[in-house]
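Subject: Structure for you to look at

Hello,

Here is the structure I said I would pass on. Please open it beside this message and follow along.

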Amino acid sequence: MSHTPEGILEQLKKRQFAPVYFLQGEEPYYIDLIANYIDEHALQEHEKGFNQVVVYGKDADISTVLLQAKRFPMMSERSVVIVKEAQSIVDIEREDGIRQLEAYLQHPLTSTILVFCYKHKTLDGRKALAKAVSKQAVLLTTKKLYDNQVPAWVTNYLKQKGVKATQPAVLLLSEYIGADLSRLSNEIDKLLINLKPGATIDERAVQENVGISKDYNIFELQSALIARDALKAHRIIQYFEANPKNNPLIPNLSLIFSFFTKLLSLHTAADKSEGGIRKSLGNRGFLVKEYMQALRVFPLQRCIDIIHFIRVADLQVKGITGGDMSDAAILRELVFKMLHPVPRAMAAV
């Protein structure tokens, strides 16, 4: 039966353990969260030496995993076997391995907690093993969050920590770090260490603790483009060129692309009033004035052209086109095209 991360954690906190957990999917954050909780809480510290085993998939086959799972605990109520990188088990999708695992699932050792961490992929739901896992184990299937779901996740994560944040701070965290939940949670946790008790997280706190320059970041570049401030844009590009590790081009291109695709959707929206735009922006509603200015600066066709330019820049930075251009040169060329309309024939190139 398929479960949610919250539901599984709730049962674990009540010390209601199942014999087998199969944690699979594209988002490793929840897989690690649950496996780590079992690792830390299922056994007392003095019980772990004889009764807790971590197996790595690339070093094991199904028979090795099940040999550990079938061992009875020593001086403990239960034993724990955690299989990390389970997707790398050599025979997990082969007939013999499937047969052994299905047989164990039918009659698992109830004193063992067997945890499979099957990351970045899922079992084929049409096949017998997936059906057996779904029926006999606690199954979790994780999915990557969409970009527009990240702010709500950040808000909920902070709520669980008992911390408040301003909407701009939440959006800055969400857009700068993106949907990598492991990195996002780590950055938030580091930020909280330096937060005074009872304080609210604002943009300044995020900038100071997450390594975002206050004056030279992708959001300031975006503002410079909207203001058609070529000098400021050039200074930001120079800063990026001098600090490439903190300003990788591919994530920055993704953020610019996200902005212009949102702008394109606003151009085609039925209601272009301030209220209509605020509603369309949702959690970005506080940026309504910036988007309204951008709609005037970048008409529909310019917006379409710029999205094309961003796609070209993406191909260049990945080495598919553009020869040996540096990241700074690619960004400089892109910004020039954004700020200076080019003939339609050239825009199509």
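Below are the findings, from the whole chain down to single residues.

First, how to read the values. This is a predicted model, in which local features need pLDDT of at least 70 and side-chain atom pairs count only at pLDDT 80 or more, while totals for chains, interfaces and linings use all residues. Residues are numbered from 1 along each chain as its sequence is written, and side-chain values use heavy atoms, with hydrogens and water left out.

The whole chain

The protein chain has 18 helices and six strands. Helices (H or I, at least four residues) and strands (E, at least two) are DSSP runs, numbered from the N terminus. Along the principal axes, the C-alpha atoms fill a box of roughly 75 × 50 × 45 Å.

Of the 349 residues, 45% are buried. Buried means under 20% relative accessible area, exposed means over 50%, and partly exposed lies in between (1.4 Å probe, protein chains only). The accessible surface comes to about 18600 Å², and 53% of it belongs to carbon and sulfur atoms. These areas come from the Shrake-Rupley method with a 1.4 Å probe; for residues, only the protein chains shown count as cover.

A contact means heavy atoms within 4.5 Å. Among contacts between residues at least 6 apart in sequence, 76% join residues at least 24 apart.

The nonpolar cores

A nonpolar core is a set of buried Ala, Val, Leu, Ile, Met, Phe, Trp, Tyr and Cys residues joined through side-chain atoms within 4.5 Å. In soluble globular proteins, nonpolar side chains tend to be buried together.

The largest core here has 85 residues, and Tyr21, Ile201 and Phe260 have the most contacts inside it. Helix α13 (residues 249–267) supplies the largest share of this core, eight residues. Another core, of 28 residues, lies apart from it; Leu66, Ile89, Leu109 and Ala130 are among its members.

What does Tyr21 touch, if residues up to four places away in sequence are not counted? Its contacts are Ile8, Leu12, Gln16, Ile38, Ile113, Leu114, Val115, Phe116 and Val138.

Aromatic pairs

Rings of Phe, Tyr and Trp (its six-membered ring) pair if their centres lie within 6.5 Å; planes under 30 degrees apart count as stacked, over 60 as edge-to-face and the rest as tilted. By this rule there are nine aromatic pairs.

In one of them, the rings of Tyr29 and Trp153 have centres 5.5 Å apart and planes at 85 degrees, so this pair is edge-to-face. It links distant parts of the chain, since Tyr29 is in helix α2 (residues 28–41) and Trp153 is in helix α7 (residues 150–160), 124 residues apart. Both Tyr29 and Trp153 are buried.

The rings of Phe259 and Tyr291 have centres 4.9 Å apart and planes at 35 degrees, which makes the pair tilted. This pair also links distant parts of the chain: Phe259 is in helix α13 and Tyr291 in helix α15 (residues 288–297), 32 residues apart. Phe259 is buried at 4% relative accessibility, and Tyr291 is buried with a relative accessible area of 3%.

There is also an aromatic cluster formed by Tyr29, Tyr30, Trp153 and Tyr157.

Two asparagines

Asn247 is in the loop between α12 and α13, and Asn252 is in helix α13. Are they buried or exposed? Asn247 counts as buried because its relative accessible area is 11%; Asn252 is buried too, at 7%.

Leaving aside neighbours within four places in sequence, Asn247 is in contact with Tyr216, Tyr239, Phe240 and Asn252. The C-alpha atoms of Asn247 and Asn217 are 7.8 Å apart, although the two residues are separated by 30 residues along the chain.

Positive phi values

His120 has a phi near 70 degrees, a positive value in a residue other than glycine. His120 is in the loop between β5 (112–119) and α6 (128–136), and its relative accessibility of 53% counts as exposed.

Arg228 is not a glycine either, and its phi is positive at about 55 degrees. Arg228 is in the loop between α11 (218–226) and α12 (230–242), and is partly exposed with a relative accessible area of 40%.

Regards
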